[in-house]
Amino acid sequence: MTGIGSVSAPTHPANEFLAYEAECRSVLGPLLISVLDMAESAGWSRRTAASTLMFLAAQHVSAASEGSGGSTRDGGRDHLSPTANDGPMSGWEEDRHDRGPIA
């Protein structure tokens, strides 16, 4: 993959949540656009690439938090983590079918 740039360090402390998050969006936004442009140039649908990036980001965060017990919203059950040896979205797809279409 071609280099897509670098990520600058935050200038706001994490406890200044709104400014910290806005700054993160402004830093990562152009990088995300570059990744989507590369995916589209390679022949992927931009919508599919964006959806896949959201899934992978959520999966990565879920995997990182598994040691802390997962989400309390649903009793710690992780809807985004597929089981071992399944396809990349198998566990997610199985849990999505009963909740209707994604808005």
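In this predicted model, the side chain of Glu23 forms a polar contact with the side chain of Thr11, at a distance of 2.8 Å. Glu23 belongs to helix H1, which covers residues 17-41. Once neighbours within four places in sequence are set aside, the contacts of Glu23 are with Ala9, Pro10, Thr11 and His12.

What is the nearest side chain of opposite charge to Glu23? That side chain is Arg25, 12 Å away. Glu23 is buried and has no salt bridge.

Helix H1 also holds Leu36. Is Leu36 buried or exposed? Leu36 counts as buried because its relative accessible area is 10%, and the cut-off for burial is under 20%. With residues up to four places away in sequence left out, Leu36 touches Arg46, Ala49, Ala50 and Leu53.

Turning to the chain as a whole, the model contains 3 helices and 0 strands, and the pattern along the sequence reads α-α-α. The chain has 103 residues, of which 15% count as buried; Glu23 and Leu36 are both buried. The accessible surface of the chain is about 7,800 Å², with 60% of that area belonging to carbon and sulfur atoms. Among contacts in the chain with a separation of 6 or more, 23% are between residues 24 or more positions apart.

Definitions and conventions. Residues are numbered from 1 along each chain as its sequence is written. This is a predicted model: local features need pLDDT of at least 70, side-chain atom pairs count only at pLDDT 80 or more; totals for chains, interfaces and linings use all residues. Side-chain values use heavy atoms; hydrogens and water are left out. Helices (H or I, at least four residues) and strands (E, at least two) are DSSP runs, numbered from the N terminus. Buried means under 20% relative accessible area, exposed over 50%, partly exposed in between (1.4 Å probe, protein chains only). Contact means heavy atoms within 4.5 Å. Accessible areas come from the Shrake-Rupley method with a 1.4 Å probe; for residues, only the protein chains shown count as cover. Lys and Arg count as positive and Asp and Glu as negative; His and the chain ends are not counted. A salt bridge is a side-chain nitrogen of Lys or Arg within 4 Å of a carboxyl oxygen of Asp or Glu. A polar contact is a pair of N or O atoms within 3.5 Å; within protein, one must be able to donate a hydrogen and the other to accept it, and residues adjacent in sequence count only if both atoms are side-chain atoms.
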